Amino acid sequence: VYDCSELMSPEGKTLDLDTVLDSCVWSDTTERCAFVQTLRSLAFDSDPVVITLRKDTKDRREPGDHVWHQLSFSRCKNPYDGGDCLLMLESDVSTLMLAQ
């Protein structure tokens with residue numbers, strides 16, 4: 001079992017890795033599984049793993065209006081209990097993607 005710790009949403013709700021990855025639009029389940037395997041093998045001294053994907057916003061935007069987000073994952077120690085966890089940073093890169 002792989003414990004990814006908890007992530008905090010802007011609304012103050014905790015998010016697990018599956019919730020974060022469920023918000024992404026993947027080409028297929030193989031792509032998502034391969035990314036999870038990459039995260040599992042992430043070492044403490046390695047560079048962050050960064051991926052840019054379209055975000056699933058079907059309830060929040062006009063049809064055809066896409067939000068792109070860049071997710072960056074780093075392995076770190078939980079400051080509260082010293083356990084293994086992932087730190088995730090999310091950035092909205094929609095404007096950058098539309099300019100390309």
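## Fold and salt bridges of the chain

Of the contacts in this protein between residues at least 6 apart in sequence, 42% join residues at least 24 apart, a contact being a case of heavy atoms within 4.5 Å. A word on ground rules: this is a predicted model, where local features need pLDDT of at least 70, side-chain atom pairs count only at pLDDT 80 or more, and totals for chains, interfaces and linings use all residues. Residues are numbered from 1 along each chain as its sequence is written, and side-chain values use heavy atoms, with hydrogens and water left out.

**Overall layout.** The protein has three helices and five strands, arranged β-β-α-α-β-β-β-α as you walk from the N terminus. Here helices (H or I, at least four residues) and strands (E, at least two) are DSSP runs, numbered from the N terminus. There are 100 residues, and 31% of them count as buried; that label means under 20% relative accessible area, while exposed means over 50% and partly exposed is what lies in between (1.4 Å probe, protein chains only).

Three strands make an open, antiparallel sheet in the order β3-β4-β5. β3 (49–55) and β5 sit at the edges, each pairing on one side only. From one strand to the next, the twist averages 25 degrees. Two strands count as paired if DSSP finds at least two bridges between them. β3 and β4 are joined by seven bridges, while nine bridges join β4 (residues 67–77) to β5 (residues 84–92).

S72 in β4 is a handy spot for getting your bearings: the bridge partner of V50 is S72, and S72 also stands opposite L89 in β5. The hairpin of β4 and β5 has six residues between the strands, and G82 there takes a positive phi near 75 degrees.

How does helix α2 sit relative to the sheet, and what is the angle between its direction and that of β3? Helix α2 (residues 29–40) packs on the sheet and touches β3, β4 and β5, with its direction at about 150 degrees to that of β3. For such angles, axes are lines fitted to C-alpha atoms, for helices over the stretch in contact, and the values run from 0 to 180 degrees between N-to-C directions.

**Salt bridges.** The structure holds four of them, each defined as a side-chain nitrogen of Lys or Arg within 4 Å of a carboxyl oxygen of Asp or Glu. Some of the pairs are tabulated here.

| Pair | Closest N to O |
|---|---|
| D84 and R75 | 2.8 Å |
| E90 and K55 | 3.0 Å |

R32 belongs to helix α2 and D22 to helix α1 (residues 17–22), so their bridge links distant parts of the chain, ten residues apart. R32 counts as buried at 19% relative accessibility, whereas D22 is partly exposed at 48%. D18 joins in too: D18, D22 and R32 are linked in a network of salt bridges.

On the sheet, E90 lies in strand β5 and K55 in strand β3, so their bridge ties together parts that are 35 residues apart in sequence. E90 is partly exposed, with a relative accessible area of 40%. In the remaining tabulated pair, R75 is buried at 10% relative accessibility and D84 is partly exposed at 37%.
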